[in-house]
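Subject: A structure for you to look at

Hi there,

Here is the structure I promised to pass on to you. Please open it and keep it beside this message while you read.

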Amino acid sequence: MKLGFVLISFIFCGLIAKSVYSSKPRDPYLGVAPEDHKYYKSSAVIPCKDGSKEFTKAQLNDDFCDCSDGTDEPGTSACPSGKFFCRNAGHVSRFLYSSRVNDGICDCCDGSDEYDGKVKCPNNCWEAGKVARDKLKRKIVTYEEGILLRKQEVEEARLALARDEAELSKLSKEESMLKGIVQQLKEHKEQIEKVEEKERLRKEKEEKQKKEAERKANEENPKLDGEDTQQSNEAVEQSEGKDSDVASNHDRSGSINDSPIQKDVEEDQKLADVLDNVNGAPNSPGSEGSTHIRAEEGNDLPESTEGLSKEELGRLVASRWTGENPTKQSGEADATINKADEDSEDIPQETNHEEYESYVSETDDDSHKYDDIDVEDEMDEDFHEEHEDLSSYKSDSDITPDLSDDITANNPSWLEKIQKAARNIFQAVNFFQTPVNQSDAARVRREYDESSTKLSKLQSRISSLKQKLKHDFGPEKEFYSCYDRCFESKQNKYTYKVCPYKEASQEEGYSTTRLGRWDKFEDSYRVMVFSNGDKCWNGPDRSLKVRLRCGLTNEITDVDEPSRCEYVAFLSTPAVCREEKLKELQHKLDLMNKEQPQSHDEL
Amino acid sequence: MRNFNLHLLLLVILGLHLSSVFSWKQDEFRNCNQTPFCKRARARKPGSCSLVARDVSISDGDLVAKLISENPEVVEGQSEIKPLILTLSVYQDGIMWLKVDEDQSLGTPKKRFEVPDVVVSEFSSKKLWLQRLSTETIGADSSPSSIVYLSDGHEAVLRHDPFEVYVRDGAGNRVVSLNSHGLFDFEQLREKKEEDDWEERFRSHTDTRPYGPQSISFDVSFYGADFVYGIPEHATSFALKPTRGPNIEHSEPYRLFNLDVFEYLHDSPFGLYGSIPYMISHGKSGRTSGFFWLNAAEMQIDVLGTGWDAESGISLPSSQSRIDTFWMSEAGIVDAFLFIGPEPKDVMRQYITVTGTPAMPQLFSTAYHQCRWNYRDEEDVENVDSTFDEHDIPYDVLWLDIEHTDGKRYFTWDSVLFPHPEEMQRKLAAKGRHMVTIVDPHIKRDESFHLHKEAMEKGYYVKDAKGNDYDGWCWPGSSSYPDTLNPEIRSWWADKFSFQNYVGSTPSLYIWNDMNEPSVFNGPEVTMPRDCLHYGGVEHRELHNVYGYYFHMATADGLVKRGEGKDRPFVLSRAFFAGTQRYGAVWTGDNSADWDQLRVSVPMTLTLGVTGLPFSGADVGGFFGNPETELLVRWYQLGAFYPFFRAHAHHDTRRREPWLFGEQNTEIIKDSIRVRYALLPYFYTLFREANLTGTPVLRPLWMEFPSDEATFSNDEAFMVGNSLLVQGIYTERAKHVSVYLPGKQPWYDLRTGTVYKGGLTHKLKATEESIPAFQRAGTIVPRKDRFRRSSTQMINDPYSLVIALNSSQAAEGELYIDDGSSFDFLQGAYIHRRFVFADRKLTSVNLAPASQGSAQYHSNAVIERIILLGYSSHAKNALIEPSNEKVEIENAPLWIQRSQGPLVMTIRRPNVGVADNWTIKIS
């Protein structure tokens with residue numbers, strides 16, 4: 001062996017002497033992958049793989065590129081599109097770009113990519129391979145366990161989905177029954193009311209004067225309550241603002257006096273004014289006049305740049321490049337705004353909740369889509385708090401407790417009760433009696449109210465179930481359990497919260513920034529995409545991509561913002577521990593274990 | 001930036017103000033009417049100068065004269081007008097130096113500022129000592145003129161009455177003249193009287209102007225000229241449009257005042273980041289001449305449209321086409337150079353004889369640079385770096401903007417984001433890559449910051465009008481500015497770049513000087529007040545335009561010192577002045593991501609080239625805003641031909657590294673970058689040419705085709721060296737693109753080798769893959785067709801030669817190689833070859849002098865491929881001499897990685913040494 005090495009070295013040195021400049025490899029098949037050896041050895045004339053040309057054996061690895069795709073130069077840097085195969089026995093074999101061959105940098109752990117003598121690359125494949133093998137082994141263990149967890153989840157999801165479906169069909173049946181009852185009750189109620197109305201009209205004449213007085217009082221009230229009206233307007237507008245609607249925000253900032261937001265409008269007006277204010281120059285009196293007018297419009301704007309300290313001016317000008325808030329305590333100002341924003345998110349949730357309790361009807365289904373989601377969001381939080389144990393599983397979490405008491409519990413009697421009560425009423429009450437029996441009327445009304453409330457709860461439950469079942473839970477429904485979960489990660493001062501199928505946010509103290517609403521899966525269920533988050537100043541709407549990787553617990557890690565307002569994060573979850581991948585890893589490990597390194601002087 | 005909810009509101013407000021955005025930007029800067037000296041000067045009528053030359057004589061080898069007012073209009077309350085001293089000197093190679101200043105011997109309140117350290121010291125050795133003058137009464141003149149010999153038949157003429165200076169050629173035709181229209185005016189310094197109110201107010205700022213009016217203005221005429229060019233920096237056309245005259249829309253003069261303009265407009269005479277008060281003219285006569293006013297105060301220049309002087313009654317020789325210009329400056333002296341040409345490249349050489357030759361850049365700096373405000377932390381840097389490798393896209397330099405510092409204290413590192421700067425640089429260096437960090441002139445006024453403390457204690461800061469350290473506002477907040485006019489302070493600053501002082505720096509780290517106009521956020525026009533005081537009592541107004549230049553100089557000197565004089569510096573600067581070419585590269589500042597700005601980057605770069613600054617480029621992709629993918633791709637395709645090729649982006653923009661726009665666009669961008677890398681040997685040879693002759697890398701077509709009129713105002717296309725013509729695509733979804741190919745010889749498509757006729761405008765199909773580029777027949781372009789991670793690994797890679805034959809089957813080209821980084825080339829350590837193809841033979845000729853000095857550079861690199869475009873017959877073999885080896889000729893793609901397209905005749909593996917003498921005969 002050793003003698004052979006010396007001999008070959010001699011011959012090689014001779015070669016070097018002859019063609020000083022060329023860097024042809026010694027091994028004619030250098031850089032060829034084992035599975036390709038046959039291709040190169042099959043004939044004297046070898047076709048380029050892209051079919052563009054053919055070349056002779058002498059042209060193989062002769063350090064001149066003949067094939068555009070690099071077929072003829074697997075072992076040199078001559079072809080820009082070539083690929084070099086390093087065997088890396090003991091580690092993982094790999095293909096390098098031909099640009100790495102003889103570039104003076106050791107890329108293959110077996111050193112085979114550097115052979116022109118400029119650098120000496122040690123073979124450290126076994127050592128490097130050990131680290132890689134250990135890592136791979138750990139990964140395999142994770143996968144093995146993860147796959148079990150995943151199976152469990154898939155099974156549970158199957159059952160839960162079946163439950164959901166069953167419930168939905170049951171609820172739908174009940175809904176149609178209940179609708180009938182409600183309709184009947186409604187008719188009865190209306191009959192009673194008709195009678196009552198007649199009665200009332202009669203009485204009305206008698207009490208005309210009294211009523212007029214009342215009306216007056218009613219007319220005055222709104223005037224006194226002007227502020228209230230405005231406030232309720234605010235609430236409405238703010239709830240619109242929640243959808244990141246720029247226009248509605250504009251409205252809002254116009255309608256609220258002395259809010260911190262308004263203050264910032266003024267600040268910015270100030271910026272605009274300063275920038276507008278060349279007019280300080282004596283030779284343009286016309287524009288000076290306009291500044292004056294603007295100063296009058298604003299509340300306490302400085303008359304000109306003189307009103308600003310040098311520092312303020314510096315900050316203002318700097319802010320053009322940075323887009324930062326030029327006010328002095330920028331951090332504080334931010335916080336104020338954020339708080340205001342957060343308020344605007346909270347209020348509508350409450351509002352919606354009220355609406356949901358008091359007013360739900362079939363026809364309004366569409367317009368309440370978002371409300372439903374918001375309600376569900378609230379539930380989510382509850383759920384999250386109550387069910388810290390992530391392995392525990394509950395499919396019916398997103399319903400209000402009172403609903404779960406009487407609608408969904410395996411307790412059909414509530415419907416029977418209503419049916420019975422209604423039947424009783426229909427039998428007992430004489431609807432054409434004048435005047436109406438007060439207690440009968442009250443009973444009808446109560447029954448009607450109760451059953452129509454039940455109906456709306458039922459319908460809301462149906463719609464939320466339908467909403468849920470519309471989602472894509474993955475090919476094996478492995479993401480089903482994510483539906484009701486939120487994952488949190490604390491990084492420095494921020495807390496990131498990712499709720500699959502819903503939304504993702506970033507919290508800092510009391511302020512919340514929405515990073516995105518649920519959009520879709522990408523990259524064959526390896527990425528969750530949240531888009532259309534809060535808009536960025538001077539930038540895009542915020543968005544978040546969550547890359548999924550196999551892990552035993554659900555955990556958000558490494559939230560990052562590589563581009564402004566475009567976030568990425570990692571979520572480890574058993575849901576993506578797939579068996580194919582495990583097989584791949586095991587195969588890789590087998591290969592690595594099989595390839596013991598061979599001694600360096602193997603030539 | 002993470003949690004910025006102000007955006008919604010600000011958006012609304014911005015929306016309201018959108019219509020006024022343009023106006024407020026302009027309003028922030030002074031126009032001529034708001035600038036008293038400019039307003040005064042522009043109001044002057046031709047012929048209002050009453051100065052005559054007296055006491056004309058030769059003294060100390062110069063022609064000297066007194067300029068006296070013949071019939072002084074006595075203005076109430078003003079002191080008498082004292083005579084001015086005129087000095088005219090003559091230098092080798094057709095250079096005339098003209099000075100006009102006050103007579104110090106008569107006592108002046110203050111010595112007027114003369115800009116030091118711009119004219120190179122070697123220049124004085126080129127002086128031709130005048131011995132005698134002749135006197136002649138020319139034409140219908142009533143008084144005599146004094147005449148001295150200049151060069152090559154040219155003479156300098158001083159007409160006495162009215163005073164006028166000009167150069168005429170051997171046939172008596174004028175070349176350049178000064179004060180031919182009698183607009184010369186020189187406001188002399190005088191003692192302030194009680195009643196004088198010299199203060200000037202602009203917006204909230206007051207300029208105390210303690211020395212009162214001191215401006216200078218005069219007219220300059222270029223003869224045989226159809227267009228004038230130069231006087232950067234403006235985002236406007238290359239051929240300068242007239243700013244005054246009949247049928248010309250009202251325009252501001254071209255302003256030279258170094259300013260940090262936020263989101264500058266693409267077609268405006270407003271002054272930007274740098275100033276070079278140097279103009280050249282060119283016309284169909286083929287004649288080029290130049291005029292350079294060495295003056296660093298605010299300058300305003302009008303280009304006067306034909307007929308502007310119709311009513312003046314002044315008649316100049318009308319047989320020659322002529323361009324008149326009007327120059328105004330707030331302060332300083334007349335310190336002007338006239339260059340007689342006659343060819344474009346002669347003028348370039350003459351100009352750099354005065355202001356210095358462009359520095360030879362390091363090889364790596366001519367490759368591709370990747371920048372962003374900001375690569376956030378070490379991990380980000382590592383990811384970007386390795387993703388380039390994943391995609392096999394070469395790049396050489398990764399840049400760190402201001403956020404890498406500890407609170408914008410330059411020379412420091414943010415300890416959280418960049419805890420291991422040295423290791424980070426070493427990792428890059430292991431792949432042959434370099435890093436650039438930013439160092440700006442504003443120093444944070446923070447007692448605990450050693451740099452500030454030291455500068456304050458030593459009194460090294462620029463002072464305000466009252467003599468205290470000037471305190472302005474910039475990135476770090478309250479900041480002061482080192483007074484780099486003072487050589488001692490420059491030397492102190494230079495020392496800060498030693499590895500010891502700049503903790504965390506390594507030999508692969510280079511520097512970027514930004515904001516050196518200087519930018520002062522709370523100063524008048526976002527810069528330093530004019531009444532600030534510099535070394536020697538010089539007012540900022542007198543040197544404003546040269547401040548950034550001294551700062552750049554000090555930084556570049558620092559890198560030379562750091563490398564013990566062995567390593568060429570690389571410093572990119574935003575501000576510049578005449579002479580900046582000696583210290584490094586510049587870029588066109590904070591441009592925007594739109595098509596107009598892509599378009600204007602070409603005239604801007606061309607202008608810098610013809611004013612002696614070859615190493616320049618625009619931010620690829622546009623700094624502000626998010627470029628659409630198509631714009632970004634087009635920008636890479638064009639930017640690959642900028643002498644300085646860097647992608648950069650504002651921190652509010654989305655990431656735009658080359659691989660983020662889908663596979664196909666990644667491939668196209670990669671291909672553009674690879675074309676640059678393939679052409680690096682050619683670019684490096686061109687940088688050497690610039691280093692020797694001043695001829696820019698990126699040239700206007702007329703520099704190569706001086707008599708082709710169709711090229712004079714063409715600034716859509718440009719030449720890279722003498723061999724390549726590049727035409728940008730500046731519109732979205734362009735279907736066609738028109739390219740004018742000058743000259744009688746054909747051109748070969750750079751990508752496919754397809755032949756196009758010269759002297760025609762071709763309407764070509766626009767393709768996604770590339771922008772039109774052509775190799776001129778008769779040239780040989782050296783290439784490297786192997787790609788590496790960075791240029792560093794390409795050093796020993798073999799070359800390809802692309803021979804584009806002309807109609808007589810001949811071509812030639814050059815190749816310059818050195819170690820790419822040291823100064824050894826100055827001692828002769830380089831390879832310089834000329835390749836000549838004629839009579840079916842390619843010969844490599846040594847261009848380096850025989851006695852190459854003390855040092856040598858060796859290369860074992862070979863030529864692996866010789867491509868012949870336009871060869872008229874067929875051949876199978878070629879014979880190499882002297883080795884007598886036979887090599888094959890075959891048909892192969894012009895670019896080996898592209899299999900599609902026509903095949904071209906290729907000599908396969910001649911493997912002749914690039915440093916050797918040889919001949920290859922085609923049999």
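Let's start in chain B, where helix 11 (residues 629–639) packs against helix 12 (residues 662–678) at an angle of about 15°, the two axes being 8 Å apart. Before going further, please remember that this is a predicted model.

On the side of helix 11 of chain B, the contact is made by B:Thr629, B:Leu632, B:Val633, B:Tyr636, B:Gln637 and B:Gly639. Helix 12 of chain B contributes B:Asn665, B:Ile668, B:Ile669, B:Ser672, B:Ile673 and B:Arg676. Sorted by class, the residues in this contact are 6 nonpolar, 5 polar and 1 charged.

Now follow the chain onward. How do helix 12 of chain B and helix 13 of chain B lie relative to each other, roughly parallel or oblique? Helix 13 covers residues 680–693, and it packs with helix 12 of chain B at an angle of about 55°, with 5 Å between the axes. These two helices are therefore oblique to each other. The contact joins B:Arg676, B:Tyr677 and B:Ala678 of helix 12 of chain B to B:Leu680, B:Pro681 and B:Phe683 of helix 13 of chain B. By class, this contact has 5 nonpolar residues, no polar ones and 1 charged one. You will meet B:Arg676 in both places: it is listed in the contact with helix 11 of chain B and again in the contact with helix 13 of chain B.

Next, a look at each chain as a whole. Chain B has 14 helices and 53 strands, and 67% of its 923 residues are buried. Among the contacts in chain B with a separation of 6 or more, 72% are between residues 24 or more positions apart. Chain A has 15 helices and 12 strands, and 45% of its 603 residues are buried. For chain A, residues 24 or more positions apart account for 52% of the contacts with a separation of 6 or more.

A:Asn437 sits in the loop between helix 13 (413–428) and helix 14 (438–470) of chain A. A:Asn437 and A:Ile192 are 245 residues apart along the chain, and their C-alpha atoms are separated by 9.3 Å. A:Asn437 is partly exposed, because its relative accessible area is 29%.

B:Thr779 belongs to strand 44 (residues 779–783) of chain B and is buried, with a relative accessible area of 4%. A polar atom of its side chain lies 2.6 Å from the backbone oxygen of B:Arg776. Setting aside residues up to four places away in sequence, B:Thr779 touches several others, including B:Asn722, B:Val802 and B:Glu812.

B:Thr527 lies in the loop between strand 28 (509–513) and strand 29 (533–534) of chain B. Is B:Thr527 buried or exposed? B:Thr527 is buried, at 1% relative accessible area. The side chain of B:Thr527 reaches the backbone oxygen of B:Pro518 at 2.6 Å. Beyond its neighbours within four places in sequence, B:Thr527 is in contact with residues that include B:Phe257, B:Leu259 and B:His544.

Finally, some backbone details. Most residues other than glycine have a negative phi, and most peptide bonds are trans. The peptide bond from B:Gly341 to B:Pro342 is cis, with omega near 5°, and B:Pro342 is in the loop between strand 21 (334–339) and helix 4 (344–355) of chain B. The bond from B:Glu881 to B:Pro882 is also cis, with omega near 10°. B:Lys408 is not a glycine, yet has a positive phi of about 60°, and at 19% relative accessibility it counts as buried. B:Arg733, again not a glycine, has a positive phi of about 45°, while its relative accessible area of 63% makes it exposed.

Enjoy exploring!

Best wishes

Notes: Residues numbered from 1 in each chain as written. Chains lettered and ligands numbered in written order. Predicted model: local features only at pLDDT ≥ 70, side-chain atom pairs only at ≥ 80, totals over all residues. Heavy atoms only, no water. Axes fitted to C-alpha atoms, helices over the stretch in contact; angles between N-to-C directions. Helix = DSSP H or I, 4+ residues; strand = E, 2+ residues; numbered from the N terminus. Contact = heavy atoms within 4.5 Å. Nonpolar A, V, L, I, M, F, W, Y, C, P; charged D, E, K, R; others polar. Buried < 20%, exposed > 50% of the residue type's maximum accessible area, 1.4 Å probe, protein only. Polar contact = N/O pair within 3.5 Å; in protein donor to acceptor, adjacent residues only side chain to side chain. Parallel < 35°, antiparallel > 145°, perpendicular 65-115°, else oblique.
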